[in-house]
Amino acid sequence: MSLRNFDYFLKIAEYMNITKAAEKLYISQPSLSKYLKSLEHEVGAPLFYRSVPLRLTEVGELYHQMAKNILAEENVFRQAVENSCGQARERLTI
């Protein structure tokens, strides 16, 4: 599973509408619907109730929290690497 999958899921959860989420992600609505169906198959449970607007299921709520946590940790990692690289460059003398 790639981090992009979390971005896609979180965008759907943000808008509770696949069409709006697809527009914001600059992908087609059918592609995003196919992604969601594939994700739910991979997870083994529905993540949204298919009402208007969409609503997260219990599993969807859990997945939503975990996806946010994973992306936050990934951001912390990127910042640490950038800081580390910046410090290493400052020490380099020729």
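Modeller: Happy to, and keep in mind that this is a predicted model. Let's begin inside a helix: Lys11 and Glu14 both sit in helix α1, which covers residues 3-15, and they are three residues apart, about one turn of the helix.

Biologist: What do the side chains of Lys11 and Glu14 meet in, and at what N to O distance?

Modeller: One turn of α1 separates the two residues. The cut-off for a salt bridge is a Lys or Arg side-chain nitrogen within 4 Å of an Asp or Glu carboxyl oxygen. The Lys11 and Glu14 side chains meet that with a salt bridge, N to O, of 3.4 Å.

Biologist: Which residue does Arg50 pair with in a salt bridge?

Modeller: Arg50 and its partner form a salt bridge of 2.7 Å, N to O. The pair links distant parts of the chain, 10 residues apart: Arg50 is in the loop between β1 (48-49) and β2 (55-56), and the other residue is in helix α3 (residues 29-43). That partner is Glu40.

Biologist: And is Glu40 buried or exposed?

Modeller: Its relative accessibility is 11%. Buried means under 20%, so Glu40 falls on that side of the cut-off. Glu40 counts as buried.

Biologist: Which helix holds both Glu74 and Arg78?

Modeller: The side chains of Glu74 and Arg78 meet in a salt bridge of 2.2 Å, N to O. They are four residues apart, about one turn of the helix. Glu74 counts as buried because its relative accessibility is 18%, while Arg78 counts as partly exposed at 47%. The helix, covering residues 58-91, is α4.

Biologist: How are α1 and α2 oriented to each other?

Modeller: Their axes come within 8 Å and cross at roughly 130 degrees, with α2 covering residues 18-25. The crossing of α1 past α2 is right-handed. The two helices are therefore oblique.

Biologist: And what about α2 and α3: how are they oriented?

Modeller: These two pack with their axes 8 Å apart, at an angle of about 110 degrees. The range 65 to 115 counts as roughly perpendicular, so α2 and α3 are in that class. Their crossing is right-handed too. The word for the pair is roughly perpendicular.

Biologist: What kind of peptide bond joins Val52 and Pro53?

Modeller: Pro53 has its place in the loop between β1 and β2. Omega for the bond between Val52 and Pro53 is about -5 degrees. The bond is cis.

Biologist: Where is Met16, and what is its phi near?

Modeller: Met16 lies in the loop between α1 and α2. Its phi is a positive value in a residue other than glycine. That phi is near 50 degrees.

Biologist: Is Tyr26 buried or exposed?

Modeller: Tyr26 is found in the loop between α2 and α3, and its phi is positive as well, near 60 degrees. Its relative accessibility is 77%, and over 50% means exposed. So Tyr26 counts as exposed.

Biologist: Last one: what separates the C-alpha atoms of Asn17 and Lys68?

Modeller: Asn17 has its place in the loop between α1 and α2, and its relative accessible area of 28% is why it is partly exposed. Asn17 and Lys68 are 51 residues apart along the chain. Their C-alpha atoms are separated by 18 Å.

Notes: Residues numbered from 1 in each chain as written. Predicted model: local features only at pLDDT ≥ 70, side-chain atom pairs only at ≥ 80, totals over all residues. Heavy atoms only, no water. Buried < 20%, exposed > 50% of the residue type's maximum accessible area, 1.4 Å probe, protein only. Axes fitted to C-alpha atoms, helices over the stretch in contact; angles between N-to-C directions. Parallel < 35°, antiparallel > 145°, perpendicular 65-115°, else oblique. Left-handed = near helix turned anticlockwise from the far one by under 90°.
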